[in-house]
Amino acid sequence: MRTSEPRPAAFPAAALEFGGTHFNGWLSLTSPLVVEAVARAGFASVTLDAQHGFATFDSIVEGVAAAALADAPALVRLPAGDYALGARSLDVGAAGLIAPMIEAAADARAFVDAVKFPPVGRRSWGPSRAMTLLGLDRDDYLASANELTLALAMIETERGLANVDEIARTEGVDGLLIGPNDLSVSLTRGATIDVGHPKVVEALGQVLAAGRSAGKPVAVFANSPAMASDYVRRGFPMIALGPDLAFLSAGAERALSDVFDAPAIGVSAGG
Ligand code: 3PY
Ligand code: MG
């Protein structure tokens, strides 16, 4: 007996285009409890980070399910070039993939080849968990998977920026995601890691323009709530904020300082 409706684990690119800002919670820790807590805090989706975070295939299996419990699609950021993990993540119900360090159309094609079914790519069949999560049968999943699963190419190097138009135009790439930290490292030739550096700020406009002319959404990673506010003002439709460790540290610091800032509530010392 079915006890609940299928969870909306899908995440069509069109979801990013209806106006407003989509906030994604960026997770480096592997506990499904963390995934669910961040999703329930109000983020519209989460990212399980297998590049610089601790996500593994096993934690992705659990994380996708934990996000589904909170009605949030889960994206997976892949280790650079690990498109096999991308296809496996989609098989277990990830709603989309983020490929770091995409620098040319050939990189974008290799990504798309692994994660989109023909005729767009060459993804291999085997989405058992994804079909269950979405409540789709085999034919319906095959017919809709390319649309329902998002493939985001990260632009975060000088070379990627130089080739951003051809990357954005690659069929099967559903959108771009800017990595401002790596962009700073790359554009300043390793001199500084400053997401507010003028070269990084200029690059934001260039990537937004490439997305606009290809008709694809451009997302950005924000290191802090202040950066996220700035990106809202710049009109990004999707902002990834995190990581969870920063949320945890900020919450812990806040809890401790609140102990001393709280007004007295009249508890007597006893006696
Ligand atoms: C970057 O800013 O370089 C990122 O990859 C965000 O995680
Ligand atoms: Mg990066």
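The model is predicted, and I kept to its limits: local features need pLDDT of at least 70, side-chain atom pairs count only at pLDDT 80 or more, and totals for chains, interfaces and linings use all residues. Residues are numbered from 1 along each chain as its sequence is written, chains are lettered from A and ligands numbered from 1 in the order in which they are written, and side-chain values use heavy atoms, with hydrogens and water left out.

**Strand E8 and its neighbours**

I then followed strand E1 (residues 22–27), which runs parallel to E8 and is joined to it by four bridges; two strands are said to pair if DSSP finds at least two bridges between them. Further along, I noted Ala-240 in E8 as the bridge partner of Asn-24. On strand E7 (residues 218–222) I again read four bridges to E8, in the parallel sense, and Ala-219 stands opposite Met-238. From E7 the chain crosses through helix H11 (residues 225–233) to E8 in a right-handed β-α-β crossover, a term that applies if, with the strands pointing away from the viewer, the path from the first strand over the helix to the second runs clockwise.

Are the faces of E8 covered or open? I found both covered, since Met-238 and Ala-240 on one side and Ile-239 and Leu-241 on the other are all buried, that is, under 20% relative accessible area, with exposed over 50% and partly exposed in between (1.4 Å probe, protein chains only).

**The barrel**

I traced eight strands that close into a barrel in the order E1-E2-E3-E4-E5-E6-E7-E8, with parallel pairing. From one strand to the next, the twist averages 25 degrees, with axes taken as lines fitted to C-alpha atoms, for helices over the stretch in contact, and angles running from 0 to 180 degrees between N-to-C directions.

**Helix H3**

I turned to helix H3 (residues 83–91), which packs on the sheet and touches strand E3 (74–77) and strand E4 (96–99), its direction making about 165 degrees with that of E4; contact means heavy atoms within 4.5 Å. Seven of the nine residues of H3 are buried, so this helix is largely enclosed by the rest of the structure. Among the elements that its buried residues pack against, I listed helix H2 (57–69), helix H5 (128–134) and helix H6 (138–148). Just after H3, Gly-93 takes a positive phi of about 105 degrees.

H3 packs with helix H4 (residues 105–115) at an angle of about 35 degrees, their axes 8 Å apart. Tyr-83, Gly-86, Ala-87 and Leu-90 in H3 meet a set of H4 residues including Ala-110 and Phe-111.

**Two further checks**

In helix H9 (residues 180–187) I found Pro-180, Leu-183, Ser-184, Ser-186 and Leu-187 buried, and just after H9, Arg-189 takes a positive phi of about 50 degrees.

Last, I looked up Leu-75, which lies in strand E3 and counts as buried at 1% relative accessibility. Leu-75 and Gly-63 are twelve residues apart in sequence and 9.8 Å apart in space, C-alpha to C-alpha.

Definitions and conventions. Helix = DSSP H or I, 4+ residues; strand = E, 2+ residues; numbered from the N terminus.
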